[in-house]
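Hi,

Here is the structure I promised to pass on to you. My notes on its salt bridges follow below it.

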Amino acid sequence: MERRAFLRASALGAAAMAAPAGIIQAATPVAAKTLKTANGKVHLGFIGLGQQAMYLLDTFMTFDDVRVLAGCDVYDIKRDRFLRRVREHYQKQGEKKVKVDVYEDYQELLAREDIDAVVIATPDHQHALIAIAACKAGKDVYLEKPITLTIFEGQQLVKAVRKYGRILQVGSQQRSSGEFIHAATLCREGVLGKIDKIKVHCGRTATNTVSAAPVPYNLPKQEVPAGLNWDKWLGPLPATIWYNQELDPFIDETHNEKIWGAWRWYKETGGGLMTDWGAHMFDIAQWAIGKDGNGGPMKISPAGYGRYEQLTFEYDNGTIITEESYNGGEQGLQLYGENGWIKVCRGSFRASDPKFEKMDLGVEKGAYESQAAHRRIWIDAVKAHVDPNCPVETGHTSCTVCNLGNIAIQLGRPLHWNPIVQKFMNDPEATKLMHYTYRDGYALGE
């Protein structure tokens, strides 16, 4: 990607990236549907109304060319909160009677002809099913990261986005944040010289202090609260996963959650910090070396195997990326080149030489989850019907490298991966871990 693509981050983002050959072949996009309103407003529906969705909602409602029409969640208390927030917002704008609807089943929301696009902020295991259904229904999509739970799901989602000609923005907001844009620009323009090594730190949890990988589900079984449709929450996951309030936390119908959903930390329901934060940090690392959207590592080795002290990813250009706890607990990455190093975290940029630094990085103020630039890019892309700065192929390759790390840790040995055809090389055991068997009644569509 040339420098001008970085500088367009405040506009529409980069042009479409080529999909890998072999497994994923992009179909010719269909013609764009016109927006439902004559005044050019994008009509939005929200699917998944938890804590992250509230950050997204509060941002999208500030855009004059966006109108929120509906929301969907399997928990009635979250639907009530959504209704209250949307009504209060538009009432403050002078509307006396605000029309907004809520649903328990996302298919009902997708069936509405008056909705142009959807924001999907469900737990990861629902991402692929809902996003593919949205594409098929002719909706553009803002999809939280990691975009899928498994590698196979990501492959199918890429095909669906291209088959139905939809505009999908991955919620990797670091792509639109000044400090990360600057770091990637310096690397891709060769200012640091050849990038030999990148250290990525995804973080550690009390559940797993050894690595960023998920652990087996071990929360005690609790009674499902009234108003929560647990069967729909599970979706394709096996019914043997029981409810615990940490999986879908809520205080009461007025306040936000105290914690993020713990489904992230368990192998059956999430990818651990490897995918939760790795989807952000590996994304920037691969962006910096030109391996996003159409590339990936060729060899993945778990920590402690042979000469590998850390989880290690080897690329065909000679770059080594490791996942290790090096940064005092703060998630981020450090990039080492022939001419020096860069250390970048959210809101922080440091370098070995002052000439690499840039005084004004254009970093938005306030809580990171509330920053608007990345979401604004998607709305502009929907209106212009062009790919945004983090399209589906990019989100898929970023998610894939995280899953490859988890698979290597689970098997306890090196993996050989072909990033072009997106297959393991002569490794049936690893290939089986690219997906899991959905329970009856659930299947990926196209």
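D283 is buried (under 20% relative accessible area, with exposed over 50% and partly exposed in between; 1.4 Å probe, protein chains only), its own relative accessible area being 1%. Helices (H or I, at least four residues) and strands (E, at least two) are DSSP runs, numbered from the N terminus.

Please keep in mind that this is a predicted model: local features need pLDDT of at least 70 and side-chain atom pairs pLDDT 80 or more, while totals for chains, interfaces and linings use all residues. Residues are numbered from 1 along each chain as its sequence is written, and side-chain values use heavy atoms, leaving out hydrogens and water.

In total there are 24 salt bridges. Another one joins D248 and K78, whose closest N and O atoms are 2.4 Å apart. D248 lies in the loop between helix 8 (230-234) and helix 9 (272-276) and K78 in helix 3 (residues 76-92), so the pair links parts 170 residues apart in sequence. Both ends are buried: D248 at 8% and K78 at 4%.

D427 and R413 also pair, at 2.8 Å from N to O. Here D427 is buried at 11%, whereas R413 is partly exposed at 22%.

Best wishes

Definitions and conventions: A salt bridge is a side-chain nitrogen of Lys or Arg within 4 Å of a carboxyl oxygen of Asp or Glu.
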